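Subject: Structure handover

Hi,

Here is the structure I promised to pass on. Have a look at it first, and then read on for what turned up.

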Amino acid sequence: MTISSDRSPAVDKQTSRTYEVRTYGCQMNVHDSERLSGLLEDAGYVRAPEGSDGEADVVVFNTCAVRENADNKLYGNLGHLAPKKASRPGMQIAVGGCLAQKDRDTIVKRAPWVDVVFGTHNIGKLPVLLERARVQEEAQVEIAESLEEFPSTLPTRRESAYAAWVSISVGCNNTCTFCIVPALRGKEKDRRPGDILAEIEALVGEGVSEITLLGQNVNAYGSDIGDREAFSKLLRACGRIEGLERVRFTSPHPRDFTDDVIAAMAETPNVMPQLHMPLQSGSDPVLKAMRRSYRQERFLGIIEKVRAAIPHAAISTDIIVGFPGETEEDFEQTLHVVREARFAQAFTFQYSKRPGTPAAEMEGQIPKKVVQERYERLVALQEEISWEENKKQVGRTLELMVAEGEGRKDDTTHRLSGRAPDNRLVHFTKPDQEVRPGDVVTVEITYAAPHHLLAEGPVLDVRRTRAGDAWEKRNAEKAGKPAQQAGVLLGLPKIGVPEPLPVATSGCALD
């Protein structure tokens, strides 16, 4: 490893090199990829057209170390690019993220055509490392052991004009036996509240109307700055930001979910009636083996308090099936909690060994056949509950924030899609008046499916918003045209747009 100036290289604008960032894993990685894109564009690189499939001058892999066979998938993708790189002098490949933090020098040993390896703590070094690798004509591996600067200070290329991630902390102080993230992201480090609020105010000034507060253990915010009520205070402060219409957060931990947070959610109008609360297991012995610092009674108690304070709240969760030592009785306890909690949605995972975690070495690994059978029973139960809970929405009048490209069949059905305050996905009849992502429509729900709702009648109201104006301006700039006052059609989805909560995640968000 070599050392040189940390100044970002300047790329000749007339011969700008193109880049592509491929993202794997949790919401934190998605947001980190926005920063990687911002760094590269700040250094003069230009984003490659969609569908370039490795034809960019620089391809960056932002990896996850939590998914099953994550390393095999990475090396398979790297192998696919090897012949392209061999035939294109000057092409560069960089690997960052959690797998890079874990494997370090192993990556260039297994894939010697990789030019740069960087970790989770020094993503700001990417442009420098690329230039250094180009000049010295050798791979650059630089892994920092601790956070060098809070990532939110870095340039960011946000993928959405109307919704944005805002990191409030990085790292995690938990020691869950199935999760390697604390070892790769480090101990929790909190941002100052004033810095967070200043970023949110700046985003709102640019037209953003929805923000998602982001952290590995988001409601532990304050532990690093010595204020146990810091998270609830932050939620209330968000409520005082004019023009900020929707506030969400992910992912909290039941251990840190206190009554002041519930009160702040209920009493702050722009904090949405939605909660993603990871359960993982309903069995007390399994929770203990997982080193989860709560038990079934505590978890259900939180759900009961949230429902009492916010009756229409949609609550979702994460569940792991087949953790080492899980008995049929343990699994039945998980089913019991699912029946009692009546989650609007559950993201269910079959346990598989994650190298580097204590659980991978535990006795009592469950046979795949048993795990599969339990998994199918859990999914069937949750599908039934999700459908029943969605049916309760029929007849309600809801305000939807129009979403960008979330309805895969919108073009063929002549519908548009939006998110309700509780984050349920709603497909609605396209109105005569064109609407833009970020605009708000009022509809009546007429039909419920397990994973979405329909509003088949006419749209009751359309409210054009500053967020819609921002979306229109951005897309006009992309096309090289001035923004028009008339509405424009919805565009296509882009990776990095804040997804419905919870995102289909890796273990990074299974806190």
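To start with the sheet: in what order do the three strands of the open sheet run, and is their pairing parallel or antiparallel? The order is 7-10-11, and the pairing is parallel. Going from one strand to the next, the twist averages 25°. Helix 1 (residues 27-42) packs on this sheet and touches strand 7, strand 10 and strand 11. The direction of helix 1 makes about 100° with that of strand 7.

Before I go further, a word on what you are looking at: this is a predicted model. The protein has 511 residues, of which 58% count as buried. Its secondary structure comes to 15 helices and 21 strands. If you take the contacts between residues at least 6 apart in sequence, 75% of them join residues at least 24 apart.

Ala163 stands opposite Glu210 in strand 10, and Val166 has Leu213 across from it. As for burial, five of the five residues of strand 7 are buried. In a regular strand, side chains alternate between the two faces of the sheet. Here Ala163, Trp165 and Ser167 are on one side, Ala164 and Val166 are on the other, and both faces are covered.

Next, the annotated cysteines. Which residues does UniProt list under "binding site"? The unreviewed entry puts that feature at Cys172, Cys176 and Cys179. I looked at two of these:

- Cys172 is in the loop between strand 8 (169-170) and helix 6 (181-185). With a relative accessible area of 4%, against a cut-off of 20%, Cys172 is buried. Leaving out neighbours within four places in sequence, Cys172 is in contact with Pro182, Gly186, Lys187, Glu188, Gln216 and Asn217.
- Cys176 is also in the loop between strand 8 and helix 6. Its relative accessibility is 8%, so Cys176 counts as buried too. Not counting residues up to four places away in sequence, Cys176 touches Met290, Arg291 and Arg292.

Then there are the helix pairs. Two packed helices are described by the angle between their axes and the distance between the axes. For helix 11 (residues 296-309) and helix 12 (residues 328-341), the axes come within 11 Å and cross at roughly 10°. The two helices are therefore roughly parallel to each other, as the limit for that is an angle under 35 degrees. On the helix 11 side the contact involves Gln296, Phe299, Leu300, Ile303 and Arg307, and these meet Gln333, His336, Val337, Glu340 and Ala341 of helix 12. By class, the residues of this contact divide into five nonpolar, three polar and two charged.

Helix 12 also packs with helix 13 (residues 368-391), at an angle of about 10° and with the axes 10 Å apart. That makes helix 12 roughly parallel to helix 13. From helix 12, Glu328, Phe331, Glu332, Leu335, Val338 and Arg339 make the contact. Helix 13 brings Arg374, Arg377, Leu378, Leu381, Gln382 and Ile385 to it. The class count for helix 12 with helix 13 is six nonpolar, one polar and five charged residues.

Which elements do the buried residues of helix 9 pack against? They pack against helix 8 (230-238), strand 11 (246-250), strand 12 (274-276) and helix 11. The buried residues of helix 9 (residues 259-267) are Asp260, Val261, Ile262, Ala264 and Met265.

Is Thr465 buried or exposed? At 6% relative accessibility, Thr465 counts as buried. Apart from neighbours within four places in sequence, Thr465 is in contact with Glu245, Arg436, Gly438, Asp439 and Val440.

Over to you!

Cheers

Note on methods: Residues are numbered from 1 along each chain as its sequence is written. This is a predicted model: local features need pLDDT of at least 70, side-chain atom pairs count only at pLDDT 80 or more; totals for chains, interfaces and linings use all residues. Side-chain values use heavy atoms; hydrogens and water are left out. UniProt positions are given in the numbering used here, feature names are shortened, and annotations may be inferred rather than shown by experiment. Helices (H or I, at least four residues) and strands (E, at least two) are DSSP runs, numbered from the N terminus. Buried means under 20% relative accessible area, exposed over 50%, partly exposed in between (1.4 Å probe, protein chains only). Contact means heavy atoms within 4.5 Å. Axes are lines fitted to C-alpha atoms, for helices over the stretch in contact, and angles run from 0 to 180 degrees between N-to-C directions. Angles under 35 degrees count as roughly parallel, over 145 as roughly antiparallel, 65 to 115 as roughly perpendicular and the rest as oblique. Ala, Val, Leu, Ile, Met, Phe, Trp, Tyr, Cys and Pro count as nonpolar, Asp, Glu, Lys and Arg as charged, and the others, Gly among them, as polar. Two strands pair if DSSP finds at least two bridges between them.
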